[in-house]
Amino acid sequence: MRVLGIETSCDETGIALVDTVGDATPLLLAQALYSQVDMHAAYGGVVPELASRDHIRRVLPLTREVLNAAGSDLASIDVVAYTRGPGLAGALLVGAGVACSLAAALGKPALGIHHLEGHLLSPFLSADPPTFPFVALLVSGGHTQLLEVTGVGEYGLLGDTIDDAAGEAFDKSAKLLGLGYPGGPALARLAEFGDPNAYTLPRPLLQRDSLDFSFAGLKTAVRTHALRFNSATCEQPRADLAASTQEAIVDVLVRKSIAALARTGLTRLVVAGGVGANALLRSRLSAECAKRQARVCYPELALCTDNGAMIALAAAMRLQRGIAALSTDYAFDVLPRWPLTVSRPAAAAAA
Ligand code: KG4
Ligand code: ZN
C-alpha cells in the first residue's frame, strides 16, 4: 500500500511517499522538503500569510519530485495523508485542500493526521527503530511532553509543560540574545563558544516529584542577564549565556526523561520533535541511558524537524492497524489547536 504524506502545518512544505508490506515497518520510498526559513528570517519569525502562499507554490512541484524520485506515479497512490493539525490554520488548509482534491481526483481515500503523532512515530524510519512500549520525550516548537507509548494511538501523558515549551525557551532566549530565527539551532551554535556554568539559571519543578515542565522562569532570567550587557559588543558573555541556557534546558529534559523511565519501569526512550536535533541533548541522553542499560532512539536528523515522511509514516502505521479515519466524501476541516488524545496512566502520578 502506497501512502502519500503532505505536511504544511508551519514553515516547511514536506511531501513523502511510503510503502507498506504486511505488518512490517513502512518503507520510505522518497521525500522532498522545502524550508521557508530564509523567507521568514527577514521578519524574525513565521509570517502565517506568507507561509500559506508559499505552501501553495511548493506543494504540487514537490509532489511531482517525490513521485519521480520513487519511480512512481499518481495512479500508484492508495491513500493521500495530510497534516490536519495542530498548526497555522491557513497553512494547514493548503495541505488539506490539495490532499483531498488529489484524493478525490484519484478516487482514493484521504486521511488527516495529527502532526505530533507524526513526530512521535518518526524514529520508526531510522536505521535503529524502537519497539513498543517506550517513554517518548516529545520536544517540538510548541510542545514538551513525556508520554508512555504502548502502541500507535495509545499515548499516556506522564508530564506536560505548564507554560512555555522547550523549543519556545530556545527560540525566545535566542531572540533575547539578538540571534535570528530559527532560534534553537542559532543558540546551540553560539553555545559552543560559551561556558555552560557561567550563569546560574532556574531549573523549575526539578526538585519536585513531578514530570511536568516549566520554562517561563528561565526566559525571564535570561532577559535579566541579557539586559546587563550589550549583545552587539559583549561576545563572550553572550556565548556564556547561550551555553548556560542550553545547559539548563537540556538538564531539565534529561533528568525528567530519566525519571519517567524509572517511574514507568520502561527501558526504552524515544526522542522526537525539533529540539531532538540538539546535539547536547542527544549526547547527554545517550550517556544517561547507557548508565542505566536503557536504550534511546532518535529520528534521523533530517526527520527531527517538520517533514512529509512522518505524516506518511503515521498514516501507514494507522492503516496497518485498522485505526485510520479514512474520508471518501472529501469534506475536510483543519484543527489548528488539536490536542493529542492521551490517557493518564497510573505512572503519571508521583510514586
Ligand atoms: O518540531 P518542530 O520542527 O516544529 C514544531 O512542530 O513545532 O520544532 C521546531 C523547534 C523550534 O523551537 C526550534 O528552535 C527547535 O525545534 N530546534 C532546536 C534545534 N533544531 C530545532 N532547538 C535546539 N537545538 C537545535 N539544534
Ligand atoms: Zn513539528
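Okay, a definition to start: helices (H or I, at least four residues) and strands (E, at least two) are DSSP runs, numbered from the N terminus. One more term: a residue is near a molecule if one of its heavy atoms lies within 4 Å of it.

Some housekeeping. This is a predicted model, so local features need pLDDT of at least 70 and side-chain atom pairs count only at pLDDT 80 or more, while totals for chains, interfaces and linings use all residues. Residues are numbered from 1 along each chain as its sequence is written, chains are lettered from A and ligands numbered from 1 in the order in which they are written, and side-chain values use heavy atoms, with hydrogens and water left out.

Let's go to ligand 1. Which helix gives the most to the shell around ligand 1? That's H5, with three residues. H4, H5 (166-176) and H6 (183-191) each supply at least two. In total, 17 residues surround ligand 1, and the closest are His115, His119, Gly141, Asp171 and Gly274. By type, the shell has four nonpolar residues, 11 polar and two charged. Here Ala, Val, Leu, Ile, Met, Phe, Trp, Tyr, Cys and Pro count as nonpolar, Asp, Glu, Lys and Arg as charged, and the others, Gly among them, as polar.

Now look at the oxygen atoms of ligand 1. One is 2.6 Å from a side-chain N or O atom of Asp171. There is also an oxygen 3.0 Å from an N or O atom in the His119 side chain, and for Gly184 a backbone N or O atom lies 3.0 Å from a ligand oxygen. Taken alone, ligand 1 exposes 560 Å², and the protein buries 84% of that; accessible areas like this come from the Shrake-Rupley method with a 1.4 Å probe.

One pair links distant parts of the chain: His119 sits in H4 (115-121) and Asp306 in the loop between E10 (295-297) and H10 (309-320), 187 residues apart.

Buried means under 20%, exposed over 50%, and partly exposed in between (1.4 Å probe, protein chains only).

Most residues other than glycine have a negative phi, and most peptide bonds are trans. Here, a cis peptide bond joins Phe132 and Pro133, with omega about -5°; Pro133 is in the loop between H4 and E6 (134-139). Another cis bond joins Tyr181 and Pro182, again with omega about -5°, and Pro182 is in the loop between H5 and H6. As for phi, Gln293 has a positive value of about 55°. Gln293 lies in the loop between H9 (279-291) and E10, and counts as exposed at 68% relative accessibility.

Key:
Polar contact = N/O pair within 3.5 Å; in protein donor to acceptor, adjacent residues only side chain to side chain.
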